[in-house]
Amino acid sequence: GLAAAQIYLEFNDTMINATRWFEPKNDTDYIFYGKTTRSPSNDTSYIHLAYGKARVMVTILLFPTPPEQPTVSGSGKICTFEFNVTSLPPKNCILSLHNLTDIGRTFLLDGSGAEIPGVKLEDGSYAFIPELTSVLALPLLMASTAVIFLFRKKAFIRKTSKT
C-alpha cells in the first residue's frame, strides 16, 4: 500500500559529497515504475549540518494521490543518490537513514497518509576499495624509480673513474 516515501540520508561530507539524487523513473526496478509521481521541490534538498555531517532528503509521492491512482506493493528502488568521493578514507563512511528526532527522516506512507508500520531501515556505508591496478602501480613506480636511480649512480661512478 505504498503511496509516498521520504528518504533522509546523512553522511560524512568530508569523505563523500552528494552530487545528484533523483527518481529512477526509467528503471523497471523503480517501485513507482509506470506511475505518475511528484517530488515537491522544497522537499528535495541538500544541507550541510555541521563539520563532517550533511544530509540529502527526497520526498516522492503518487500524483494524483490515492484513490485516483492505486498504491503499490512489493519491493524496489525509491531513489538514486550519486556521490563524489572527496577523500580516500581508511575507514567506512556511514550512510544513515536514521534520524528519529527530526521531522526530516526516512519513512513510508500508505494511501491514507499514515506511516506504514514495521518498516526496517538499514544503514549503508561507503568503503574505498582500491582497484588492483592502482595497488600495483605504486610499488612498480617505486621499483622503477629505484632502478633509474641505481643506473644513474653507476653511470656517474663509471664516468668519474675514467678521468
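1. P67 lies in the loop between β5 and β6. The peptide bond that joins P66 and P67 is cis, with omega at about 10 degrees.

2. On confidence, the protein chain has a mean pLDDT of 80, with 71% of its residues at 70 or more. Strand β8, residues 107-110, has the highest confidence, at 94. The lowest is found in helix α1, residues 132-162, where the mean is 53. Where pLDDT is low, the predicted coordinates should not be read in detail.

3. Strand β5 covers residues 53-62. Its pairing with β4, residues 45-50, is antiparallel and consists of five bridges. In this pairing H48 stands opposite A54 of β5. β4 and β5 make a hairpin with two residues between them. G52 sits in the turn and has a positive phi of about 75 degrees.

4. T59 is another residue of β5. Is T59 buried or exposed? T59 counts as buried because its relative accessibility is 9%, and the cut-off for buried is under 20%. The T59 side chain makes a polar contact of 3.2 Å with the side chain of Q6.

5. The largest nonpolar core has 25 residues. Those touching the most other members are F11, F32, I60 and I78. Two or more residues each come from β1 (2-11), β2 (16-22), β5 and β7 (93-95). Which element gives the largest share? That is β1, with six residues. In soluble globular proteins, nonpolar side chains tend to be buried together.

6. F32 deserves a separate entry. Leaving aside residues up to four places away in sequence, F32 touches L2, A3, A4, T37, I60, L62 and V72. One of these, I60, is listed with F32 among the core residues that touch the most other members.

Terms used
Residues are numbered from 1 along each chain as its sequence is written. Side-chain values use heavy atoms; hydrogens and water are left out. A nonpolar core is a set of buried Ala, Val, Leu, Ile, Met, Phe, Trp, Tyr and Cys residues joined through side-chain atoms within 4.5 Å. Buried means under 20% relative accessible area, exposed over 50%, partly exposed in between (1.4 Å probe, protein chains only). Helices (H or I, at least four residues) and strands (E, at least two) are DSSP runs, numbered from the N terminus. Contact means heavy atoms within 4.5 Å. pLDDT is the predictor's confidence in each residue, from 0 to 100. Two strands pair if DSSP finds at least two bridges between them. A polar contact is a pair of N or O atoms within 3.5 Å; within protein, one must be able to donate a hydrogen and the other to accept it, and residues adjacent in sequence count only if both atoms are side-chain atoms.
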